[in-house]
Amino acid sequence: MLLMGGKMSTTVDPAHAAAFDSRADYVAAVEQIRAAARDYYSGSTLAMDDATYDALIARVAATEAASPEWTVAESPTETVGAGGGVVGDVPHTTPMLSLDNVFDADGLTKWAARLDRILGRPAAGYTVEPKIDGLAISARYADGDLTQVITRGDGRAGEDVTGQARRAVGLPHRLAEPVTLEIRGEVFMTEADFALANELRTGHGEPPFAHPRSAAAGTLRAVDRAYSAPLSFFAYAVHGLDPAAHLSHAGAMGYVASLGVATTAGSAAGMPMCATIAEVVAAISHLDAARLTLGFGVDGAVVKADAAADRDDAGSSSRAPRWGIAYKFPADTRTTTLLRIEVQVGRTGVITPVAVLEPVQISGVTVTSATLHNFDDLTRRNVRAGDTVFVRRAGDVIPEVTGAKLDERPESSEPFTPPTECPRCGGEIDRSQKRWRCTRGRACGAHESLAYYTARTSMDIEGLGDKIIDLLVRAGLVTDPADLYDLDVATLKPLDRMGDVSAGKLVASIQGSKAQPFSRVLTGLGLRMTGRSMSRRLARHFVTMDALLAATIEDLQTVEGVGPERAVTIAAELVELRPVIDKLAARGINMTEPVDPAAAAAAAGDDDTATAAAAPFRKPDGAPMTVVVTGSVPGLTRDEGNEAVERLGGKSSGSVSKRTDLVVVGDGAGSKAAKAEDLGVPIMPADRFADLLAAHTAGDTARVATLLEEALPTPA
Ligand SMILES: NC(=O)c1ccc[n+]([C@@H]2O[C@H](COP(=O)([O-])OP(=O)(O)OC[C@H]3O[C@@H](n4cnc5c(N)ncnc54)[C@H](O)[C@@H]3O)[C@@H](O)[C@H]2O)c1
Ligand SMILES: [Zn+2]
């Protein structure tokens with residue numbers, strides 16, 4: 001992901017946050033922040049997602065800048081943890097501070113310039129380490145023994161959590177040397193332990209943790225709980241070293257590691273040293289790319305001046321150090337509405353509940369559905385249609401619903417009733433394992449996959465209608481598409497009292513389909529999350545099946561419209577379909593796409609609709625449309641709206657002129673909408689735009705075309 005090119009997505013843009021118009025609104029927001037922060041740091045629940053929280057903080061900050069006289073005492077912008085930390089009775093030796101945030105390379109550059117100004121010289125160099133998404137603790141060692149562990153609290157005093165914290169992996173009870181010092185770092189829960197924690201918790205009839213951080217906070221502060229999931233620890237600071245040693249940050253952390261303590265520098269993410277901000281940006285970009293594979297939550301990067309002299313000279317404000325800054329990544333957890341729960345039957349007969357969601361942007365990806373794991377889990381997590389749910393994209397990339405906000409549950413909501421029979425074939429369900437299965441296994445889906453394979457838009461095999469497919473499947477002659485090619489006249493004739501002629505015709509049309517272009521084979525295989533136009537794009541990109549099979553997740557993402565979510569699904573589907581693909585290849589089915597684009601388009605039956613679906617905001621000549629988004633788009637922040645325009649092939653712009661091709665108008669739109677009307681620029685309501693985005697993501701060509709037609713004048 002590029003940072004400098006402005007492509008890096010952010011969930012909030014505090015620089016553009018709007019100040020509140022009245023002091024009452026400002027005070028109400030402050031109260032909301034405080035309440036959310038109390039929940040957040042105690043780990044009980046999550047009142048709002050981080051993006052919403054950060055956006056609210058940004059508005060409070062903007063209001064205080066515009067009307068300083070309104071500022072409340074102990075404003076969340078000036079206090080550690082917005083004053084939400086549970087204040088304990090153990091004073092800290094030196095305050096435990098927050099970090100200031102930036103959200104893009106520009107913010108980082110400004111921070112570095114300010115630091116240089118304060119120092120009166122360029123900073124000597126920076127470290128970049130992962131911002132661990134857990135909670136800060138201070139661990140006191142006396143003569144090498146762990147004696148006390150304290151939470152950050154309000155920054156001046158915290159709670160004693162020694163009992164639970166002693167269980168954290170990475171925080172040894174005894175150091176390698178008998179030294180007296182204080183180690184500070186983050187207690188967190190790994191992805192694997194989070195899954196375990198939620199299983200334990202929901203197994204005890206308690207609501208699941210929405211997030212690994214709440215899980216870590218909840219576990220750390222739990223006094224006597226019958227069950228406990230493991231905690232982990234990474235150190236990022238140390239106090240009480242000999243000041244005369246003038247150790248750099250990297251040097252100090254190296255020493256801490258030598259004492260046997262786990263550190264951010266020693267984690268899979270590492271702690272690269274950077275001489276310039278350009279190098280810092282590259283390191284952050286690298287971390288961002290790797291973060292979903294680390295196995296623990298990283299919500300940003302922390303950049304610190306490395307030299308002891310730079311840190312001493314820069315000092316700290318009451319809230320945060322000046323020598324360090326947090327670069328926040330887009331949040332990995334968002335809230336959205338669960339529209340409905342669908343039951344999916346996989347190719348092998350596995351039956352799973354899937355959440356269909358109001359589209360929401362999570363770490364740069366539009367998410368429209370998420371896994372609910374299995375029916376047991378769904379019941380234990382107590383999630384229902386209509387709920388506001390927490391959705392999270394984590395290590396395995398496929399998003400999951402972690403839980404629901406029970407206080408916002410609509411009164412009319414009903415618990416989900418799991419199916420009693422296979423929703424596809426009506427057959428019995430094998431419930432002996434967590435993953436339910438249709439007892440018919442692969443045969444359960446045979447009819448459906450054959451119908452899809454032979455359809456007009458796929459392999460276009462004439463004469464192979466539903467009825468014949470049904471007869472073939474019942475007779476056990478065909479279980480997958482490759483079996484079709486083994487059929488001969490003699491086998492077909494007795495079926496449905498078929499005559500020689502029609503049986504011959506059918507065999508000929510089956511055999512004739514072998515020459516169809518690769519894109520149609522791919523369509524016919526029916527990979528999840530790929531429709532006709534996506535199959536075509538994949539075929540054109542990779543040209544051969546072999547190349548597609550060899551593609552990595554990263555390779556797949558170079559195809560337009562393939563984000564991380566779809567790439568993972570496609571890869572998984574190809575693995576599952578591999579036996580059928582091999583069988584088809586052995587029967588001589590063409591697995592190559594014609595390279596001449598005109599020929600390819602003709603062969604694949606391309607049309608304008610298909611091109612429009614690939615990049616709806618492209619003009620007929622291929623140039624991007626200039627699109628202005630004004631007002632709010634459901635599920636998206638301003639930045640995400642602009643990003644979506646680009647994803648749809650357009651160019652986003654901030655001002656309306658005669659050259660604007662389309663204006664997306666949402667709630668709170670002002671003068672820009674009026675201007676568009678004056679100039680006669682086409683307008684698309686924001687909810688339609690959200691629909692378009694969802695349809696585009698889902699590869700729903702027809703819906704995309706309809707929505708475009710509604711908004712744009714048809715060319716004369
Ligand atoms: N969703 C909510 O309701 C809610 C409520 C409160 C706070 N928050 C989130 O928390 C953020 C603010 O919280 P904050 O004041 O605790 O500040 P912060 O979490 O943004 O940054 C400071 C903290 O970062 C942690 N940290 C992790 N890795 C580190 C490293 N390598 N080096 C140094 N520190 C490291 C430390 O615990 C430190 O206290 C907000 O931006 C928001 O996203 C959310
Ligand atoms: Zn079935």
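**The shell around ligand 1**

The chain holds 25 helices and 22 strands, where helices (H or I, at least four residues) and strands (E, at least two) are DSSP runs numbered from the N terminus. This is a predicted model, in which local features need pLDDT of at least 70, side-chain atom pairs count only at pLDDT 80 or more, and totals for chains, interfaces and linings use all residues. Residues are numbered from 1 along each chain as its sequence is written, while chains are lettered from A and ligands numbered from 1 in the order in which they are written.

Around ligand 1 there are 26 residues, and Ala36, Tyr40, Asp50, Ser98 and Ala136 come nearest; a residue counts as near if its C-beta atom, placed from the backbone, lies within 6 Å of the molecule. Two or more residues of this shell are given by each of α1 (23-42), α2 (50-66) and β3 (126-132). By residue class, the shell comprises 14 nonpolar, 5 polar and 7 charged residues; Ala, Val, Leu, Ile, Met, Phe, Trp, Tyr, Cys and Pro count as nonpolar, Asp, Glu, Lys and Arg as charged, and the others, Gly among them, as polar. Domain 1 (14-83) and domain 2 (90-328) each supply at least three residues to the shell, with bounds from an automatic or database domain assignment.

Strand β4 (residues 135-142) runs antiparallel to β7 (residues 181-188), joined by 7 bridges; two strands pair if DSSP finds at least two bridges between them. A further 7 bridges join β7 to the antiparallel strand β8 (residues 232-239), where Ser232 is the bridge partner of Phe188.
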